[in-house]
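Visitor: I would like to go through this model and hear the grounds for each description.
Guide: Ask as we go, then.

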Amino acid sequence: MINLKKYYSTQSFDTRSVINILVILLSMIFFAAVFSQGVFLQQKNLINLLMQNAALIIITLGQLLVIVTMGIDLSVGAVMAVSSVLMVLFQDFGVVGSIVAALGGALIFGVVNGALVTFIRLPAFVVTMATMQIGYSVAKLLSDAAGSRGGTVYTSLGGMELPTLYSEFYKGNLWGAPLPILVSFGFLILIALYLKTKNGHFIYPVGGNEKTAFLSGVPVWKVKMAVYMLSSVLAGVAGIIFVSRVGLGDPQAGGPWIALDSIAAASIGGASLSGGLGTVLGTFFGVIILGVLNNIMNLLGVPPTLQPAIKGLVILIAVYLNTRRKMN
Amino acid sequence: MENQPVLSLRKISKSFAGIKVLHEIDLDFYPGEVHCIVGENGAGKSTLIKIISGAYQPDEGSITYQSQILRHNNPHLARQNGINAIYQEIDLIPTLNAAENISLGNEPTRKGGDIDWRAVQKTSDKILGDMGAGLDTTIPVQNLKVAHQQMVAIAKALSMNSKVLILDEPTAVFSGSEINLLFEIIEKLKSQGISIVYISHHLDEIFRIGDRVTVLRDGNLVRSGLVGEFDKNSLIKAMVGRDIDFSLRNKSKITGEIVLEVRDLTSSEVEGVSLTLRSGEIVGMAGLVGAGRTELARLILGADSHSSGELLLKGKKLKSLNPSKALGLGMGMLPESRKEEGLVLVRPMAENIAYSQIQRESRFGFPPWRKVKEEALKMVSAVDIRPNNPNIQVTYMSGGNQQKVVLSKLLAADCDVLILDEPTRGVDVGARMEIYSLMKEVKDRGAAILMISSDLPEILTQSDRVLVMSGGKIAGEFSAAEATEEKVLKLALQIQEESL
Amino acid sequence: MKTQNKGTSWLSWIGNNSALVAFIILFVLGSIFVPNFFSRQNFSAILYQYAIIGFLALGQLLVILTAGIDLSQGSLVAFTSIVVALAMSKYGILPAVLAGLLATTVLGLINGLLVSRTRIPAFVVTLGMMGIARGLALVLSDAKPVSVEIESFVKFGRANIFGIPVSAIILLAFCIGIGYFLKNRKLGRYIYAVGGSEESARLSGIDVKKIKLFVYAASAFLTAIGGVIWTARLSSGSPIGANNYEMESIAAVIVGGGSLFGGVGSVFGTVIGFLLFGTINSILNLVGISPYWQGTIKGILILLAVALSQLRRLREKKSEVKK
């Protein structure tokens, strides 16, 4: 025991952060398992949990990168919506073609966000709030325009239907694990690897102290452009997964709060809005904590009406604890 | 001049992180007098005035103000009591105009509680008019010339019935005619019985406006008396006269090729600067605060752009330089302010050491992680960084160790042209010695070091050559053998005065 | 600025009042080229549509002036509506409205307490409150709309006086009041001071914590007024809806010249901000362009507004004479 304590205290702040969050998560899981008399731990439930949060995991990874550089990306929900619509619009170009279209469209947002924040030095909050408005609007316009295309069906939301090929992906399995879950894990690994590259690793000094990073020779502009582009592309991936799940493109994909959810999840996972702190593993735990929280509330029979309130409280508490530790 | 001091300091001492910066200072300030405080950088002047204005608490000693002992002083309380400090970082509200800033917190109101704007304008007009300062009181103060901002700050202090006014390097941002105006204002304030504490490097000003002068050196009060008792030379002697341990002197004389050449560099901060740096030598750059040394360093590194002139690094002409490119060619800088520009405080120590090395040695975007980790650990032991846990956030380390981390960053990246800006500022004696021996080691291996320092003994003992900067220009050069403190300080002060 | 000649000062005036200029241009163009734009009916519709956002924008302005932000406004609207609707059936109009205003202001006070006394960023505090308020609304209403029976209350929401919506008139009164407050009352000026430089404000003896507490409470109060009007118009309290209203109010403040860094912004600018959006909406509708273009135009406007203020800041820094 003494050794564990000593080990813990010698670790870096980020590592300790992850350990703290893991402890919280495990306690929540334990609590859920006990209270549900084991139902929580059933494979079906766990798979469900991961499936529901696959898109959020991917989006939050992008948000993590941006937040670590002391930025924020409010446009991820809108980009997800645009990508979903683009994917359906370009379905005639085959699977690859439609994916390229979806991600290409997402990338444009990333470039615009990145350029405005990096070169014109506009505040990220305002820039991504604006591109969010533009994004939702563009998604609606695109689906509106496509409404007149032969072969697609117009739902009342302005979405479009898709042949079942894509839906197969969602229901697909590889070695028993559903594909979307594998894809989200794949991205977890990919982003973790990105953080091992030069410009990926540099998000920490850039966010922690941009002046220092600059004087130390870090190519700050490259690092910043990359995170905004990655965030948007990842949102695009989430849009693709969405399409495979519901079989249509929707200008309101993900709901109006997915951007804020991703910020909340990242914050719970240890990322600091002042930049320089945060990890992939912590982010994953943060998303799962929110997911498990939902699960627990359902299991406990907490009325769905109370859930946003509890979520809000959890976010406040998590961030409060975080800010106390950092400023020691 | 009256006989009773309005403000008295007795046995004031202060330490930061174990380093004593003020030793039992006894001082009196009289109403209607201008009391100048002089000393080199690091002599303790700013700490002293921060204690008077309540920003710092003394560790020992007492402050007596208007015959009462001042306890638990804080800036707001001090202001209310009539002690006002005007720093260079002006504490006005930048988005509000001068009239409003002057009345801020004490606005005159009409019946019903509304602000009486006419009275606000009248107050500001009167105070500024009495001062003889004509400036636009309707625009946000951030749009005023810095000199005018200072005047507004002074006006604000006056509006609060100050008895003691502290001016910290007031003329640093003034030009000729404005300085005259400032002195007229000071004369008026004197006649009103206000006691003025005047900190300045400009000896000419002291003889022009000062009644009393106190010389601080290394936190000690060296001499204090009426201005008439001194002349320039005796002042300078008092400021520097210390025993320098020349056994610390750098004796090696290996100098090689020219690695850095600066030709006629000009920007908004420096004018026509030329210098050369050879491998195997340490060039010390002396000068007062505001002389342009840090600005020059930033220009050489490429952090700021110059308007004319040339930079040659290892024979290569450098165009559109930035720190990233400079690093690629082996040049790195240890910035003046390590917390703000040298370190990422929330990140681990080993990571901080690695930044420049990673930038320089990554291939195809991938850092050589194993080598990076090994190098960091090597640095920790070679440079004796404590605590030696590579994961610890740098913010928890002492100043000396933090400085070693920044230095390690440059060494880990194999920089052979090093610009060190105040390498031992705020560093304890032990770490200081370690840094010196590191510098020597690196230099013996062929590196070239440009060392900016306000610590004259350091300049004299560590440099092979000494350059003196003043007013944005190179004022002169000495070899290690010919340099003395007096010579250097004289040069540092002279051109500053001529530019008045 | 004495060195500037007449020509450039025209340009800089336009730069400083770009929202107003844009509004005037659009208004004039709309009146000339767009049929039915210049009519009492249309103006009334614009005012009607934006009255609620107007209240929110006033509150958001106060918060943004202190370099803060209030993301909870949308949820607070819903919360207010539930409190008002629930209380109205039991206690009548006046007590219900007062209850709604009071309850919501209390939530605003909580926002203010957290922002001023902890290190949690305002963004996160109001984000958390967004969820909490929404949750409270859902719980109290059991996730169902609560209908409001009293006729006179519902009528009030849609009433017009000489063709101008009553809600807009009340908004105008508040605009004048708050504008006056920000210009002539100490508390109003101190809000600007805190936003301009918190440290300097503190040194001048200003109680920064109190100011911050005040603006969040005031924002909630104004939002609550908007919520009351919203309830009247829906003739029910709704726990869902009013989504993203805070984004609208933030946009109005920013386009009207407010800066997220604090210390800059005005009631007049904010009003022009949402009137500008209203005008654009109206023109798009009347011309028959898909309303989906609104988002794009709004987004571009926000970017332009913030880019202009950045340019202004850079230009002002350069014109400052250095040593």
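This is a predicted model: local features need pLDDT of at least 70, side-chain atom pairs count only at pLDDT 80 or more; totals for chains, interfaces and linings use all residues.

**Grounds for the descriptions**

Visitor: Why is chain C called as compact as a globular protein of its length?
Guide: The globule rule gives 20 Å for 323 residues, and the radius of gyration of chain C is 20 Å, so the description holds. The C-alpha trace spans about 70 × 55 × 30 Å along its principal axes, and chain C has 14 helices and four strands.

Visitor: How much of chain C counts as buried?
Guide: Of its 323 residues, 52% do. The test is 20 or more other C-beta atoms within 10 Å of a residue's own.

Visitor: How do you know that chain B touches chain A?
Guide: Contact requires C-beta atoms within 7 Å; 28 residues of chain B are in contact with 23 residues of chain A. On the chain B side, α10 (323-328), α11 (338-342) and α12 (349-361) each supply at least two residues. The largest share, five residues, comes from α12(B). By class, that side has 14 nonpolar, nine polar and five charged residues.

Visitor: Where in chain C does pLDDT stay under 50?
Guide: Over residues 1-7, for which the model has one contact beyond four places in sequence. For chain C as a whole, pLDDT averages 87, and 95% of the residues score at least 70.

Visitor: What ipTM and pTM does the model score?
Guide: The ipTM is 0.88 and the pTM 0.86.

Definitions and conventions
Residues are numbered from 1 along each chain as its sequence is written. Chains are lettered from A and ligands numbered from 1 in the order in which they are written. The radius of gyration is taken over C-alpha atoms; the globule rule is 2.2 Å times the number of residues to the power 0.38. A residue is buried if 20 or more other C-beta atoms lie within 10 Å of its own, exposed if 12 or fewer, and partly exposed in between; C-beta atoms are placed from the backbone. Two residues are in contact if their C-beta atoms, placed from the backbone, lie within 7 Å. Ala, Val, Leu, Ile, Met, Phe, Trp, Tyr, Cys and Pro count as nonpolar, Asp, Glu, Lys and Arg as charged, and the others, Gly among them, as polar. pLDDT is the predictor's confidence in each residue, from 0 to 100.
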